[in-house]
Amino acid sequence: MRDLVLEIKNLSIRYKTDLETVYAVNNISFSLEKGQTLGIVGETGAGKTTAALSILKLLPERISQVAEGEILLGDKDILQLSDVEIRKIRGNKIAMIFQDPMTSLNPVMTIGEQIYEALFFHKHVGARREDLEKRVDEVLSLVGISPMRKGDYPHQFSGGMKQRVVIAIALACEPEILIADEPTTALDVTIQAQVLSMINELQMSLNTSMIMITHDLGVVAKTCDDVAIMYAGELIETGTAGDIFCSKQHHPYTEGLFGSIPNLKVEARRLNPIPGLMPDPTIIVPGCKFAQRCPKAMDVCIKVHPQEFVRGSHRIKCHLFQKGRDTDE
Amino acid sequence: MWRYLFRRCLLIIPITLGVSFIVFSIMAITPGDPATMILGIGGTQEDIDRINQELGYDRPFLVRYGDYLYKAVVKHDLGTSYQFKTTVWSNIKQRLPVSVKVTTFSLLIASMVGVPIGVLSAVKQYSLFDTFPTVLALFFAAIPTFWLGMMLMLVLSLKIPIFPATGIASWKGYVLPSLSLGLPFAAQQLRFARSSMLETIRQDYIRTAKAKGAPENIIIWKHALKNALMPIITIIGINFGLILGGAVATETLFSIPGLGSMVVTGIKMKDIPMVMGGIIVLSIICSLIMLIVDLLYALIDPRIKAKYSRGRRAAI
Amino acid sequence: MINRKTCPMEDNSQVIYKKPSQLKEIARRMKKNKPAVIGLIILTIIILMVLFAEHIVPYKAAITQNVKNRLEPPSGVHWFGTDGYGRDLFARCLHGGRISLAIGFSSAAFSAILGIILGSIAGYYGGFTDGALMRSVDVIAAIPSILMALAVVAALGASQLNLIIAVAFSRTPAIIRVVRTAVLSVGDQEYVEAAKAGGTSDFRIIYKSILPNCIGPIMVQVTMSVAQNILAAATLSFLGLGINPPTPEWGSIISESKEFMRTANYLMIFPGLLIILSTLSLNLVGDGLRDALDPRLKT
Amino acid sequence: MNRDESLISADKPLVETVDLKKYFKVRDGVLHAVDSVSLEVYEGKTLGIVGESGCGKSTLGRSILRLVEPTSGDIRFRGQSIVNYSKKEMQEMRKKMQIIFQDPYSSINPRMSVIEIIAEFMIVNHTYDSKRACLNQAAQLMDVVGLARRCANVYPHELDGGRRQRIGVARALSLQPEFIVCDEPVSALDVSIQAQILNLLMDLQEEKGLAYIFITHDLSVVKHISQEIVVMYLGKCVEKAKTRDLFSNPKHPYTKALLASIPMPDITMRSKEIHTIKGEVTNPINPKPICRFANRCNLSKEICNQVEPPLKEAGPGHFVSCHFA
Amino acid sequence: MRKMSIFLVIALLVSLLSGCGSSGVQQPTAAPKDPVSTDTPTAPKREDLNLSVTTVLTSIDPHFSEKIADMYAFRQTYEGLYYQNELTGEFEPRIASSYEISEDGKTYLFKLNENAKFHNGEPVKPSDIIYSFKRAGEHPSVASRVANVDSVTEIDGSTIEIKLKAPMAAFMTDMCGVYILNEKIVEEQGAEFGTKVALAGTGPYYWSHVDHANGWTLEAFEDYYRGAADIKTIRFKPISDASAGLVAFEAGELDWYIAPVANWDDLVANTEKYKTEIVPANHISVFVVNPDANPALNNPLVRKAIGHAIDKEAMNIVGFNGLAVITDYMVPVQNTSSDFDLGIIYDYNPEKAKELLAEAGYPDGVDVGAIMSWTGGYYEKMAQVLHTSLNEIGIKCDLQMIEQASVSPNLRSQNYDIATYGWSYYGDYSYMYTRWHSSQKGATYVVYNDKQFDGAKLDALLEAGAVEMDAAKRTEIYKEYNDMFMDTATCFPCINKVQTYVWNKDLKVVNYPNFPEIYNWSW
């Protein structure tokens with residue numbers, strides 16, 4: 001039984017400035033199951049972070065605009081919530097880990113204070129300060145930092161440790177959903193491994209659902225149950241980790257992504273990258289957005305926006321599969 | 001931390017020496033000599049020569065400077081005013097509190113008015129709370145202090161006599177000078193506080209705070225303001241110095257016996273000890289204020305505190 | 001991503017080398033900034049009026065005394081009224097603006113040149129050069145600038161050139177600091193290292209790689225310092241250490257008008273407003289420049 | 001083609017460093033950024049330098065070009081020591097040694113147009129008689145690195161990271177060097193672009209016989225491009241071996257940990273526990289003469305905290321600095 | 001952005017309009033409410049007085065300072081042997097009750113007033129007087145007053161004999177300015193005398209508070225031998241800005257004020273509130289021309305042309321709002337020793353000036369250098385007017401504004417072309433001696449070398465005038481001197497300054513050209 005905790009339907013987001021309109025997220029839909037991890041993969045500018053921020057209504061207010069769609073948390077549409085209501089969800093039901101631990105902690109507050117705050121904003125009536133402080137200690141030990149250090153300031157921690165603090169803040173209220181926006185990109189490999197395994201363990205033990213946003217297929221392979229691949233604001237391929245990593249049918253872009261990564265196992269003289277660049281997000285094209293770069297592009301690709309090809313849990317948005325639905329293995 | 005404080009205090013010494021040398025040099029090339037200043041049009045050339053000799057003014061420049069330093073440092077004697085025959089120190093003692101008062105009041109006006117409104121207008125960006133103070137600030141920042149002083153005097157002591165135009169007999173006397181000095185700086189600080197706050201609101205950690213579910217007012221007053229305060233404090237510190245020096249015109253206009261007007265008269269009268277003493281004291285105060293600003297940094301920002309505490313500075 | 005508007009499809013075999021201008025981009029951004037445009041318009045009007053002052057009102061009107069018509073309030077004949085000598089205040093303000101603006105701009109230019117040279121030397125070479133330069137700057141900056149300028153004017157004597165020197169002298173430390181900070185921040189960039197790796201000389205690195213990239217904050221500082229210099233020069237004149245009469249200058253006009261504060265307050269209001277207008281417009285332009293040069297600040 | 005064998009046949013290294021050291025004075029003491037690193041780069045070959053941030057790999061690359069002056073040690077180009085070259089001699093030398101930087105956003109001057117950037121080195125070195133000739137040559141270089149000529153008069157900020165990095169490559173090529181230090185040239189790029197640049201670099205190497213030092217933190221990239229690898233940890237070279245040896249038979253515990261930490265895009269590996277090493281990299285400020293990895297090492301014994309392990313040969317061409325290797 | 005720009009435009013317009021508005025409407029009658037006038041008649045009689053001076057207190061040492069601000073206080077606190085009434089020129093006894101002059105005019109015998117006391121209660125002893133004369137001789141600013149004194153000796157406990165080197169007509173005038181100090185106190189305070197409260201004077205008031213910057217206070221000396229003063233406390237307040245001072249006066253902060261001339265009409269119109277009076281001061285402002293500065297100025301015709309180009313009328317209007325007195329005399333006309341007809345008058349006559357210039361060989365004009373003046377005040381205004389007039393007749397020159405402190409050095413070193421300057425006479429034409437006699441090195445504005453001028457003759461006339469005791473003969477000598485002097489065309493007297501006094505209508509005052517005697521005032 002699929003127990004959905006978050007469902008996003010037909011979400012489109014635009015950034016409007018004086019000069020131009022950027023179509024950042026275009027009609028994406030996905031859902032998150034209880035206790036599962038959804039990986040959203042894409043390159044810079046694919047709209048991953050925009051989608052994630054919209055879930056917490058953290059998009060910059062003046063210039064961003066949700067054109068359509070809904071984000072359902074249980075039966076509530078987050079987009080319709082008032083400021084007060086959304087504040088009750090932020091950090092409490094849905095928490096977020098940001099990419100750069102160097103800048104996402106307030107430099108003039110102790111880390112203990114910053115974790116305490118997260119608890120304080122969502123405290124139950126009657127919760128005492130001591131209880132909350134105790135919880136701060138708990139959370140700190142959970143992420144592998146000695147509670148002795150809660151009086152320290154962020155600058156006294158290394159990058160990896162800071163990211164642990166950020167995670168501690170996110171997990172303080174035991175949220176149902178954790179959104180991790182490239183949590184390890186800024187870290188070194190060995191630290192990345194530490195942090196990733198820690199996130200995995202915590203997620204398991206807390207049974208939290210997670211959205212992992214990353215550009216690294218390796219990270220996805222390590223952590224995710226479901227994967228969504230994003231290109232130019234659209235989800236072009238979604239499925240379980242098995243669908244993405246083991247199936248033979250892929251969107252040509254996904255293939256290109258895999259082809260771009262030097263494989264540690266196999267030696268190859270040349271890589272097979274995708275030629276060209278991501279299209280200008282200020283321009284809407286009628287057809288497939290990948291058509292310009294696609295080695296397998298057909299005439300129809302340029303003219304018609306592809307429909308989704310569904311095969312079990314595996315969905316691909318590509319004309320290649322429209323006809324040959326049945327002929328596949 | 002204490003070592004840093006000590007080091008910073010020590011740094012004031014070479015700066016003060018430098019200041020004294022520059023001022024002494026400038027005063028030395030100013031035309032005229034002390035004796036003619038003292039005598040006015042009376043007296044004969046012999047008198048002039050005699051007085052200049054008594055004052056040691058006939059000696060070479062560097063000897064005079066060395067003598068000045070020796071007296072100032074070893075004997076704690078800043079010399080005697082040519083105009084008044086009183087010691088420079090007694091003059092400074094008398095005028096310093098006045099200057100400090102006027103400056104402090106102005107700075108208080110500048111900060112109390114400028115900073116909160118600046119923060120508010122950043123928070124309410126694009127609203128009337130932003131537009132109106134910003135435009136007003138633009139105007140006030142462009143007004144010369146002496147002109148503002150004249151206008152205030154025209155309106156508030158001439159047309160509607162509420163405040164006295166001169167003197168500092170009561171607290172009322174401080175109102176107009178402090179306003180005329182403070183308002184342009186308030187405008188400047190408003191603009192600065194606003195942009196600093198806007199800058200801070202854009203930071204990642206503000207987003208983190210929002211993601212925690214922090215209410216708007218906590219984000220602004222707890223998370224943003226403390227960070228935004230750093231550059232604001234810098235500008236307040238710099239402004240203190242500017243107000244202290246800029247008070248010259250205001251002091252002259254409102255006939256306030258402050259250090260600034262003392263130095264101006266000194267410059268006009270070629271009263272070298274007076275000018276030296278005044279500027280040295282003013283520059284020491286400026287240096288001290290910058291020191292306080294540095295300490296305030298440490299108070300607000302633990303990173304800076306850590307930097308200070310780490311002791312010895314890098315050799316390179 | 002490529003900005004297609006600026007990267008048109010061209011014949012690929014042909015390289016047309018042109019010196020492209022980033023000024024256009026800045027100008028475009030400035031144009032979007034309404035206050036800056038207003039500032040620029042006001043400034044332009046003031047500068048034009050001041051430049052063509054001779055054609056609007058001849059200088060003679062500014063210095064011709066007519067004691068019979070002294071202290072006349074503003075009228076059709078004398079737009080701003082007449083002063084204590086019966087001279088036309090409008091003409092005096094207009095021609096006075098010439099001096100005031102000239103002092104403001106040229107002292108800013110003076111301190112900008114000095115500041116850029118010394119600041120970039122300090123920032124680029126660092127070490128002892130930097131230390132020595134910055135300590136001297138600390139010293140000069142520790143003296144309140146107006147007093148410093150006063151002392152310099154008193155030492156050199158009151159003339160337009162000396163006023164410029166005095167104001168510039170007291171303003172230069174601030175510019176040196178700004179330039180140095182900017183150079184330091186740019187000096188860390190890898191393209192500076194790349195230039196070194198390519199065998200570029202220090203001088204060329206400074207003027208080709210570093211200065212163009214920190215010209216933004218410097219320009220903003222210089223623009224703002226024009227405004228501050230106008231105020232400083234006016235203050236000096238007000239204190240009686242300004243330009244020799246009968247040459248008009250805004251600060252000295254106000255200074256002269258002081259005694260007529262009760263009887264003819266327009267004498268101080270008009271030049272005061274002109275000072276405010278010009279510093280205001282310069283500040284607006286400076287703000288606009290800063291926004292245009294730093295797109296990060298724009299939302 | 002067996003590239004490893006061709007490496008052995010190469011007789012003399014093109015560039016080598018001998019006990020190269022670079023120390024920085026910092027607030028708290030002396031930072032040993034690069035500590036006694038010796039390496040050789042052969043003509044037409046790539047030497048990879050791998051390590052985490054702060055291990056001194058970038059400083060090493062820059063010291064070789066004397067962009068930072070080494071504290072001690074020797075740098076040789078074709079056997080000729082260049083450490084004591086004067087500024088002028090060095091300028092000559094730099095025509096043969098170039099560098100490509102990590103960040104395509106900060107490594108090219110935003111106030112110069114693309115063609116100006118590429119032509120700049122030729123102009124300052126008077127490679128060609130006229131400025132026009134330099135510009136023409138720059139245009140040709142654009143073709144070489146795959147930049148459309150229509151971008152010639154465009155400013156870098158209008159281009160994406162991949163193209164900017166191509167500018168960096170073109171600039172490095174402009175003086176026709178024999179040796180290029182590639183300082184993390186792809187780490188700031190998206191994977192698809194990263195692959196484009198890697199391909200470009202390898203093609204150029206083949207075409208022009210360039211020697212590379214390829215600095216990166218990404219093991220899969222370094223494996224792909226280099227024939228020999230130096231693993232650095234806190235300024236020290238902890239392991240040096242041919243690529244294949246290193247990946248098939250890592251000897252230093254740090255190398256092992258590194259290899260284990262790489263997340264592989266392969267869910268079959270998933271069941272395997274992620275191997276992590278404890279702790280984090282610190283700064284090599286005033287380091288004691290002991291094994292610098294000891295405090296994070298699973299194998300660490302008493303001796304590790306007492307004696308600094310020498311770099312010893314643990315196999316043919318395989319050097320490792322560990323007491324237990 | 002748009003909202004902001006609209007605001008900006010509106011704000012600009014409003015400020016411009018308000019600027020025009022407030023400037024367009026003149027409100028000379030909209031003077032503020034005068035707190036003094038609202039005083040109820042039953043209010044207790046005041047015994048204090050608030051005054052202002054334009055500069056801060058320099059020193060309370062009367063032998064050190066001759067600054068105007070200080071003199072205001074000295075007049076109340078110190079006395080000489082005699083006092084010369086500024087209005088009448090009469091000598092009134094003070095510390096000395098009577099005096100006798102010997103036949104040869106070289107010996108003066110002063111009988112001391114037995115009641116005269118210092119502020120500390122000690123009686124005035126002859127030794128104090130001997131000490132004070134000696135001390136005055138050592139202080140350059142007053143030394144000229146006793147330059148001719150040969151000796152001061154005590155005859156008996158109440159008689160003093162002063163011997164002069166030569167007979168001197170103006171000795172009494174000079175002597176009145178030699179203030180008598182208490183030897184003991186002055187010696188006790190030593191170098192500090194002048195900087196703090198000292199009860200060393202004999203005047204009707206004593207120093208009770210000395211604060212150089214903020215103001216100083218005098219209290220009535222109850223034991224004063226002529227009877228204690230009505231007004232018990234006098235507070236001096238330095239107010240450098242004249243307009244601000246007037247505001248302070250109108251606000252009731254000051255009781256008596258020398259109003260800035262620009263506001264005189266305004267004040268006179270308010271006589272129900274204030275009392276006003278214009279008193280001609282003993283101050284003459286002049287232009288001096290340095291004949292050695294350049295060839296053009298060496299030409300007497302050019303100098304005379306300059307003399308005829310001086311538009312004194314305009315200077316009076318611009319500098320003094322037309323209130324001052326135009327003069328052709330070197331000394332104030334009210335002065336008895338200058339009661340003679342002038343032989344040479346330089347009236348304002350541009351046509352004649354041009355003719356003279358052409359005659360001098362410069363029909364197309366000539367550059368004479370610069371007019372030196374100090375910044376601010378009427379000197380600057382006079383200089384500006386002359387500058388314009390000279391340029392109109394073709395004599396090109398610049399204006400050179402310098403600081404007050406630099407004026408005297410430049411004059412002394414003859415480093416000027418044309419300068420404006422002035423002086424206050426203390427009673428007698430013989431004051432000219434200290435300004436123009438060639439022995440007064442440094443103080444002499446024009447050095448009359450014998451190439452062009454008969455310097456010896458000029459000196460001789462001054463010397464003769466100084467010793468001539470017969471008033472009529474002295475007038476003759478000075479007339480001759482004056483004619484000869486004016487003929488050199490090196491000094492042109494212009495304006496006899498006035499004092500524009502305004503005071504609280506309840507205050508009874510006696511105004512003098514220079515310094516008031518508050519002893520005579522009362523509420």
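In this predicted model, D:L234 makes contact, beyond its neighbours within four places in sequence, with D:H32, D:G54, D:C55, D:V281, D:T282, D:P284 and D:R292. The residue sits in the loop that links β9 (228-233) to β10 (236-242) of chain D. D:L234 has a relative accessibility of 6%, and therefore counts as buried, the cut-off being under 20%. The C-alpha atoms of D:L234 and D:G56 lie 6.6 Å apart in space, although 178 residues separate the two in sequence.

Turning to chains B and C, the interface brings 45 residues of chain B into contact with 41 residues of chain C. Together the two chains bury about 3,800 Å², and carbon and sulfur atoms account for 78% of that area. On the chain B side, B:F146, B:W147 and B:M150 contribute 16% of the area buried against chain C, more than any other three residues.

Polar contacts between chain B and chain C number three residue pairs, with both residues at pLDDT 80 or more.

The side of chain B that touches chain C draws at least two residues from each of α1 (2-29), α6 (128-141), α7 (145-159), α8 (172-201), α10 (216-253), α11 (259-269) and α12 (272-300). By residue class, this side of chain B comprises 32 nonpolar, eight polar and five charged residues.

Methods: Residues are numbered from 1 along each chain as its sequence is written. Chains are lettered from A and ligands numbered from 1 in the order in which they are written. This is a predicted model: local features need pLDDT of at least 70, side-chain atom pairs count only at pLDDT 80 or more; totals for chains, interfaces and linings use all residues. Side-chain values use heavy atoms; hydrogens and water are left out. Contact means heavy atoms within 4.5 Å. Buried area is the accessible area (1.4 Å probe) that two parts lose on being put together, summed over both. A polar contact is a pair of N or O atoms within 3.5 Å; within protein, one must be able to donate a hydrogen and the other to accept it, and residues adjacent in sequence count only if both atoms are side-chain atoms. Helices (H or I, at least four residues) and strands (E, at least two) are DSSP runs, numbered from the N terminus. Ala, Val, Leu, Ile, Met, Phe, Trp, Tyr, Cys and Pro count as nonpolar, Asp, Glu, Lys and Arg as charged, and the others, Gly among them, as polar. Buried means under 20% relative accessible area, exposed over 50%, partly exposed in between (1.4 Å probe, protein chains only).
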